[in-house]
Amino acid sequence: SRVVKLAVIPGDGIGPEVVAEAEKVLDAAVAGTDVVIDKTRFSLGAARYLETGDTLTDEDLRAIADHDAILLGAVGGVPGDPRLRDANIERGLLLKLRFELDHYVNLRPSKLYPSVPGPLAEPGEIDFVVVREGTEGPYVGNGGSIRRGTPHEVANETSVNTAFGVERVVRYAFDLAERRRQKLTLVHKTNVLVHAGGIWKRIVDEVAAEHPDVAVDYLHVDAATIFLVTNPGRFDVIVTDNLFGDILTDLAGAVTGGIGLAASGNINPDGAFPSMFEPVHGSAPDIAGQQKADPTAAILSVSLLLDHLGLTEAARRVTHAVEADIADRSSEPRTTTQIGDAIAARLQA
Ligand code: NAD
Ligand code: IPM
Ligand code: MN
């Protein structure tokens, strides 16, 4: 049998609710195969911080790194909670994991499933993947402020873009485009961010020369938000920096039927570190503890996880079970658990 060591980080808010359903579906997907999922649960997030004062210790990090993959729900408390101001769970936990485990590809597929009620009147076919850079850009934290709290305060936030970091994610995006519909769109803001935009544009042009089959397109990020709503069918692979990718993928989730369906993988393609799979959404404090969260994004993240581990058949079965469930959805509301049960049941059938 093949043993997969899986680190599970349920996190805060709806995180534990959606992860419970994702685990249920994962178990059903491997049942009867020779794959054994050996899970270790890590209690991390705002709740742990409030209890112990720890966000992510070196020991936690080492223990998590010693796994084949990570499944994460969501971390973070109520935005603006003063007790969490000094903790910065997002930086100290989520971004620390992405940076330390070198998750340089943040893979965020967007697909409009037939019969999903989206906000667009005539959506057409939507099936694209955002390849969001995961370890650089404005997320690095290479900023600072002086004269804090005075009328002369100066606050800087620097975007870090290295030739090494941009090239490796751009190469990944081109390889993905080759395997899809051979179309790649770079999204940036080269008209204003001339230094950061310049390096992205030049590297995309260089790598494009090695991929004559891939049609390359460029959009400024503001225009990209227009086309994501008016003509999302034009996109196949979008490659972009960490911050633009964050914003575009919440929008992409909204146009394809809601953030409750949007899955993601934080990938270390080299395999030096475990990759981490999580829904695009956050801990949703506004609906936490009420069984109102849609666990589909977490469940589709399990499909990405299985695919990454080379368990392609199990991944395909999870996606099919989700597609079948979505096709059958009525306007009757279901609880988080009911959705998870229904999808798991399709895998057992
Ligand atoms: P959010 O994604 O948590 O919520 C935005 C809106 O979407 C809310 O109305 C919420 O109810 C709804 N929503 C989210 N997931 C849903 C689901 N599965 N089903 C149905 N509705 C869903 O974003 P936010 O409110 O900006 O952030 C809340 C907290 O989560 C913050 O602390 C933030 O930093 C954190 N966060 C964490 C992650 C992560 O762990 N990967 C991602 C984003 C935000
Ligand atoms: C996401 C989240 C995170 C991000 C935050 C919580 C740090 O919004 O995963 O999209 O900005 O990457
Ligand atoms: Mn986000």
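Predicted model: local features only at pLDDT ≥ 70, side-chain atom pairs only at ≥ 80, totals over all residues.
Residues are numbered from 1 along each chain as its sequence is written, while chains are lettered from A and ligands numbered from 1 in the order in which they are written. UniProt lists residues 5-343 for "domain: Isopropylmalate dehydrogenase-like", in an unreviewed entry. Over that stretch the chain is 40% helix and 23% strand, with the end C-alpha atoms 23 Å apart.

- Helices (H or I, at least four residues) and strands (E, at least two) are DSSP runs, numbered from the N terminus, and two strands pair if DSSP finds at least two bridges between them.
- Strand 1 (residues 2-11) runs parallel to strand 2 (residues 35-41), and 7 bridges join them. Val-3 has Val-36 as its bridge partner in strand 2.

**Nonpolar cores**

- A residue is called buried if 20 or more other C-beta atoms lie within 10 Å of its own, exposed if 12 or fewer, and partly exposed in between, with C-beta atoms placed from the backbone. A nonpolar core is a set of buried Ala, Val, Leu, Ile, Met, Phe, Trp, Tyr and Cys residues joined through C-beta atoms within 7 Å.
- The largest nonpolar core has 55 residues, and those with the most contacts inside it include Ala-22, Ile-70, Leu-71 and Val-302. Helix 9 (residues 296-308) gives the most to this core, with 8 residues.
- Another core, of 36 residues, lies apart from that one, and Tyr-104, Val-130, Ala-224 and Phe-244 are among its members.
- Which residues does Leu-71 touch, not counting residues up to four places away in sequence? They are Leu-6, Val-8, Val-19, Ala-22, Phe-277, Val-302 and Leu-305, where a contact needs C-beta atoms, placed from the backbone, within 7 Å.

**Helix 9**

- Helix 9 has 13 residues and reaches 18 Å from its first C-alpha to its last, close to the 18 Å expected at 1.5 Å a residue. That expected span is 1.5 Å times one less than the number of residues.
- Helix 9 is mostly covered, with 12 of its 13 residues buried. Those buried residues pack against helix 1, strand 3, strand 11 (263-267), strand 12 (275-279), helix 10 (312-327) and helix 11 (336-348).
- Ser-303 sits in helix 9 and is buried because 28 other C-beta atoms lie within 10 Å. Ser-303 touches Ala-315, Val-318 and Thr-319, not counting residues up to four places away in sequence.
- The C-alpha atoms of Ser-303 and Val-25 are separated by 9.5 Å, though the two are 278 residues apart along the chain.
- After helix 9 comes Gly-310, whose phi is positive, near 85 degrees.

- The unreviewed UniProt entry annotates Arg-98, Arg-108, Arg-132 and Asp-222 as "binding site". They are spread over 125 residues of sequence and up to 26.5 Å in space between C-alpha atoms. UniProt positions follow the numbering used here, feature names are shortened, and annotations may be inferred rather than shown by experiment.
- Arg-98 lies in helix 4 (residues 89-100) and counts as partly exposed because 19 other C-beta atoms lie within 10 Å.
- Arg-108 belongs to strand 4 (residues 105-111) and counts as buried because it has 25 C-beta neighbours inside 10 Å. Leaving aside neighbours within four places in sequence, the contacts of Arg-108 include Arg-132, Thr-249 and Ser-264.
- Leu-94 is also found in helix 4, and is buried with 25 other C-beta atoms within 10 Å.

Methods:
Contact = placed C-beta atoms within 7 Å.
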